[in-house]
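Here's a quick briefing to read with the model open beside you.

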Amino acid sequence: MRSQLAIKYPLRAKFLISMVVILAITIQMLIVNSLDGNFKISIYVMNILLLLFIVGAITVALFRSAGKPKSLLLEPEKLVLEGKEVSAADIQGVWINERWYGIKLKRRRIVPMKLCFVLQPRQSAGEPELLQWAEEHGIPVEQRFFIRWM
C-alpha cells in the first residue's frame, strides 16, 4: 500500500498568546531595568537573550503554520515526510490528541516537531489510511495527550 496524505502544521493559538504575553513582560522589564539607577548589565543581557528566543519561537510557529500543505507518504515499510524517512520499526505509536496526530518514535521522549501534524480538512480518507497503515505494521494507535515541542 502506497498512499500520499496532505498534512499541515496548524497555528497554535495558546502557544502564541502565551509567548506574546511573555514578550510584553520581557519588554517591560527591559524598559524598567534600563531606566533604573542600579542598572545591571547581566540582567539586561539575559532579558535580551530571552527576548530573542521568544521572537524566534513566534517566528517559527508562524512560518510553520503559514506554509503550504506538506505530503506524508505511507510506503510499505516506512513513512516519508518532507524527505525524511521513518522506518515502521522505529515507531512506538501513533497518538491522536483531538485533531492532532503525533508519530512517537521509540528513541524519543516526546513527539518530534516534524512528526506532529493535522490532516487537511478536505481529505476525509486520510485518517483511515493512516490508521490502516499503522495496524498493518503492528503500531498501536492511541487517543491520548502528547507533548509537542514548539
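Predicted model: local features only at pLDDT ≥ 70, side-chain atom pairs only at ≥ 80, totals over all residues.

Helices (H or I, at least four residues) and strands (E, at least two) are DSSP runs, numbered from the N terminus. Residues are numbered from 1 along each chain as its sequence is written, and side-chain values use heavy atoms, with hydrogens and water left out.

**Cores**

- A nonpolar core here is a set of buried Ala, Val, Leu, Ile, Met, Phe, Trp, Tyr and Cys residues joined through side-chain atoms within 4.5 Å.
- Buried means under 20% relative accessible area, exposed means over 50%, and partly exposed is in between (1.4 Å probe, protein chains only).
- The largest nonpolar core has 22 residues, and Leu72, Leu79, Ile91, Phe117, Leu130 and Trp133 have the most contacts inside it.
- At least two residues of this core come from each of strand 1 (3-8), strand 2 (70-75), strand 3 (78-81), strand 5 (91-97), strand 6 (100-105), strand 7 (116-119) and helix 3 (126-136).
- Another core lies apart from that one; it has 10 residues, among them Met19, Leu23, Leu51 and Ile58.
- As background, nonpolar side chains tend to be buried together in soluble globular proteins.

**Who touches whom**

- Contact means heavy atoms within 4.5 Å.
- Leaving out residues up to four places away in sequence, Phe117 touches Ile7, Lys8, Tyr9, Leu72, Arg99, Trp100, Tyr101, Ile103 and Leu130.
- Back to Thr26: it is buried, because its relative accessible area is 2%.
- With the sequence neighbours up to four places away set aside, Thr26 touches Asn47, Leu50, Leu51 and Ile54.

**Helix 3**

- Gly126, Leu130, Trp133 and Ala134 are the residues to look at in helix 3 if you want buried ones.
- Those buried residues fall within an arc of 100° when you look down the axis of helix 3, so they line one face of the helix; the arc is that of the directions from the helix axis to the C-beta atoms.
- After helix 3 comes Gly138, which has a positive phi, near 70°.

- Ile17, Val21, Ile25 and Met29 make a nonpolar surface patch of about 360 Å².
- Patches are made of residues with over 30% relative accessible area and no salt bridge, with like charges joined within 9 Å and nonpolar side chains (Val, Leu, Ile, Met, Phe, Trp, Tyr) within 5 Å; accessible areas come from the Shrake-Rupley method with a 1.4 Å probe, and for residues only the protein chains shown count as cover.
- Ile25 sits in helix 1 (residues 13-35) and counts as partly exposed because its relative accessibility is 44%.
- Phe63, in helix 2 (residues 41-66), is exposed because its relative accessible area is 64%.

**Salt bridges**

- There are 3 salt bridges in the structure, each being a side-chain nitrogen of Lys or Arg within 4 Å of a carboxyl oxygen of Asp or Glu.
- Glu75, Lys78 and Glu85 are linked in a network.
- Lys78 is partly exposed at 25% relative accessibility, Glu75 is buried at 13%, and Glu85 is exposed at 51%.
- Arg144 and Glu142 also pair through their side chains (3.7 Å, N to O); Arg144 is partly exposed at 35%, and so is Glu142 at 33%.

**Distances across the fold**

- Leu5, found in strand 1, is buried at 1% relative accessibility, and its C-alpha is 6.4 Å from that of Leu73, 68 residues apart along the chain.
- The C-alpha atoms of Phe63 and Val94 are separated by 25 Å, with the two 31 residues apart along the chain.
- For Gln132 and Tyr44, 88 residues apart along the chain, the C-alpha separation is 54 Å.
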